[in-house]
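I opened this entry to keep track of what I looked up. The notes follow the order in which I checked things.

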Amino acid sequence: MAVPPGLPVVIVGGLHADARRAAVARLLADVPGSVVLHHDLATAAAGTVVRTIRDASGILDAGEAPLVNDCACCALREDLVPELERLRDTGGTRLAVVELWDSVEPKAMAEVVTAGGLTVTGVITAVDPALVLPYLGNGDDLADGGLAAAATDQRTVADTFARQLEYAPVLAVADSPEADDEDRELLAQLHPTARQVRIGQDLPPEAAEPSEPSGDGLTVPTPRRRALSPLAQAALAGFDVEAAAAAQHPACALLPAEADAHGVSTLVWSMRRPFHPERLYAALEDLTCAAARSRGRFWLADKPDTLFHWDAAGGALCVESTGPWLASLPDAAWDMVPPVRRAAAALDWHPEHGDRCQHLVFTSPGLDRGGLERLLESCLLTDAEYAAGPDAWQRLPHAFDTLLEV
């Protein structure tokens, strides 16, 4: 596989720092002429962000990027594209590897680089399978571990790790001796569409150095461009920023499917009846703690036009409005809706409710599937409540108003 022309940019991130550094080192070793651009946000509290550029031999350049509005991530955004442009214009760089600092999320950086006119050829999150469950279960604020990217950063370890994991189409997986089958199965169920590449995986010998018979019967190597390792191939495979964003939107997200193996289960729960807002609100804590990870979209009876996003990890739940259900829009407004969302809605359109539905996915070791299903069903409108109709539903207690800061 040849390296594409121009300056290919691959983004490598992840809170598992040892795995991330190993993946970056592997890319440097596998792609001659590659360099790594890294912004260290650990010094942000002192007012600066340290930028380094290095290749396989060591540091080539170092400097500081000043904070922008007291935000380290803002400084990274302002400094990243000009540095990549400089590398491109100088020439000689075959691949630019952007190694993100621990808690920086790849989605924002991929969009910044693409908006700057550069080509992102891959987004990779490096993972140690043995650390997936501990990080998903860590509800601590990033600030408590010195990982916040700004003074106003209120993210947790769990939700940050989940987004890093689920956005990347490629997972660079460390060869962790502590990982067992349950760890690997949890990783596979959390992001079943990801391409997993072991960081230490090599090409088979016959792929690395082809040969052909010589005139005297001996076998000699055939000269050709050096083959790339599976990780380098993944870094250069291509990346679609718009498709990646659509895959994270709750209306058309590529959520995991039903699964049950090695002690890990994924429950996909779908219903065509709205939640009673008060009963669902009362059950939030139990539902949030029922699984290591849960996500999806849901429908509240008292807010029939609003699609709500469910996003839980580390014992914490984020609920937010993500705009209207398509069924609530006038026909003239549909042209403004992205085609991928219209297509997703059409696949599961209900003659009465349109795209309104409950679609929640819970993934965890030791998942109590039966108990979880019963709890979810108890939060739906009863037959009598459902029969009362939409006008009556909207008079139900608006239990989520405080949570949503309406």
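I began with the record: UniProt, in an unreviewed entry, places the feature "domain: CobW C-terminal" at residues 264-380. UniProt positions are given in the numbering used here, feature names are shortened, and annotations may be inferred rather than shown by experiment. The end C-alpha atoms of residues 264-380 lie 27 Å apart, and the span is 26% helix and 33% strand. Helices (H or I, at least four residues) and strands (E, at least two) are DSSP runs, numbered from the N terminus.

I noted the ground rules next. This is a predicted model, in which local features need pLDDT of at least 70, side-chain atom pairs count only at pLDDT 80 or more, and totals for chains, interfaces and linings use all residues. Residues are numbered from 1 along each chain as its sequence is written, and side-chain values use heavy atoms, with hydrogens and water left out.

Then I looked up the sheet. I found an open sheet of eight strands with mixed pairing, in the order β4-β3-β2-β5-β1-β6-β7-β8; two strands pair if DSSP finds at least two bridges between them. Strands β1 (residues 8-13) and β6 (residues 119-127) run parallel and are joined by six bridges. In this pair, valine 12 stands opposite isoleucine 124 of β6. Helix α3 (residues 106-115) packs on the sheet and touches β1 and β6.

Next came the nonpolar core (buried Ala, Val, Leu, Ile, Met, Phe, Trp, Tyr and Cys residues joined through side-chain atoms within 4.5 Å). Buried means under 20% relative accessible area, exposed over 50%, partly exposed in between (1.4 Å probe, protein chains only). The largest core has 57 residues, and Ile11, Leu41 and Leu84 touch the most other members. Helix α2 (residues 72-90) gives the most to this core, with eight residues.

Last, I checked glutamate 105, which I found in the loop between β5 (95-99) and α3. Is glutamate 105 buried or exposed? Glutamate 105 is buried, with a relative accessible area of 17%. The side chains of glutamate 105 and arginine 163 are joined by a polar contact of 2.9 Å. A polar contact is a pair of N or O atoms within 3.5 Å; within protein, one must be able to donate a hydrogen and the other to accept it, and residues adjacent in sequence count only if both atoms are side-chain atoms.

Technical notes
Contact means heavy atoms within 4.5 Å. Axes are lines fitted to C-alpha atoms, for helices over the stretch in contact, and angles run from 0 to 180 degrees between N-to-C directions.
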